[in-house]
Amino acid sequence: MNEAERNILGLHLPTDPRWVNLASISLEDILTDHAYCEQKAATSCISLIQRYPDKIELVNELSPIVTEEWGHFRLVLQELRKRNLQLGKQRKDEYVNKLLQFEVKGGREEDRLLDKLLICALIEARSCERFKRLSEGLNDDYLRNFYRRFMESEAGHYVTFIELAETYIDKDKVRKRWQEWLAYEADIIKKLEPRGDRMH
């Protein structure tokens, strides 16, 4: 990852180059996992809207993302069907589960909101980076373009979550916590074995 990409996504550690090769070997698995990631992105936004209906900017910004993510789920499902592949069962997401261990539990509502938004931002940033890897590294021309479209479509999502955090919470506090999250996420990436059947 060059400096410009790192600045755009903020991520401290790039994806292991071996990951794309592993993913290309198990297309059914990676497409299945991708489909569920899009579904979970939509439901995460719905949960935030349900929890904070009084936060008008949050509701307005996340509502179209729900529609977009669900549309992406349908696109991935269509790709599976087109290739005569099956949507398998949803798998345990070790990456997200490890992120959740760092989330503030209890305490002030502001701190809980901040972490929920930053977790979403981080997952979106990492997903976008993975889409970029697939768009550049797969041998299948169609799938390279397929993932380039996802990368372009979702590139701004992580910024939306950070900007929402800064709408409701002091910017210095948001930026400080974001740096803590980035460092924590890099440590997760460093320790997780690259798996071709997982988007993360």
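Analyst: Asn84 is exposed, with a relative accessible area of 69%, where exposed means over 50% relative accessible area, buried under 20% and partly exposed in between, for a 1.4 Å probe and protein chains only. This is a predicted model, in which local features need pLDDT of at least 70, side-chain atom pairs count only at pLDDT 80 or more, and totals for chains, interfaces and linings use all residues. Residues are numbered from 1 along each chain as its sequence is written, and side-chain values use heavy atoms, with hydrogens and water left out.

User: Where does Asn84 lie, and what is its phi?

Analyst: Helices (H or I, at least four residues) and strands (E, at least two) are DSSP runs numbered from the N terminus, and Asn84 is placed in the loop between α4 and α5. Although Asn84 is not a glycine, its phi is positive, at about 55 degrees.

User: How many helices and strands does the protein have?

Analyst: Read from the N terminus, the elements run α-α-α-α-α-α-α-α-α. The secondary structure therefore comes to nine helices and zero strands.

User: Which radius of gyration does the protein have, and what would a compact globule have?

Analyst: The C-alpha trace spans about 45 × 30 × 30 Å along its principal axes. The radius of gyration is taken over C-alpha atoms, and the globule rule is 2.2 Å times the number of residues to the power 0.38. For 200 residues a compact globule would have a value near 16 Å, which agrees with the 17 Å of the protein.

User: What share of the contacts joins residues at least 24 apart?

Analyst: Contact means heavy atoms within 4.5 Å. Among contacts between residues at least 6 apart in sequence, the share that joins residues at least 24 apart is 81%.

User: Is Met199 buried or exposed, and which residues does it touch?

Analyst: Met199 is found in the segment after α9 and is buried, with a relative accessible area of 1%. Not counting residues up to four places away in sequence, Met199 touches Trp19, Ile30, Asp33, His34, Cys37, Arg130, Phe131 and Leu134.

User: How far apart in space are Gln78 and Ala35, C-alpha to C-alpha?

Analyst: Gln78 lies in helix α4 and is exposed, with a relative accessible area of 53%. Gln78 and Ala35 are 43 residues apart in sequence, and their C-alpha to C-alpha distance is 9.9 Å.

User: What separates the C-alpha atoms of Ser24 and Gly10?

Analyst: Ser24 lies in helix α2 and is partly exposed, with a relative accessible area of 34%. Ser24 and Gly10 are 14 residues apart along the chain, and their C-alpha atoms are separated by 26 Å.

User: What is the volume of the largest pocket, and which element gives the most to its lining?

Analyst: On a 1 Å grid over the protein atoms alone, a pocket is an open set of points where a 1.4 Å probe fits, with protein on both sides within 12 Å along at least five of seven lines, and lining residues have an atom within 4 Å of a point. Grid points are joined across faces, edges and corners, and a volume is the space filled by probe spheres set on the points, which for the largest pocket is about 510 Å³. The lining has 25 residues, of which Lys40, Ser44, Ile119, Cys120 and Ile123 lie nearest the centre. The element that gives the most, with 10 residues, is α3.
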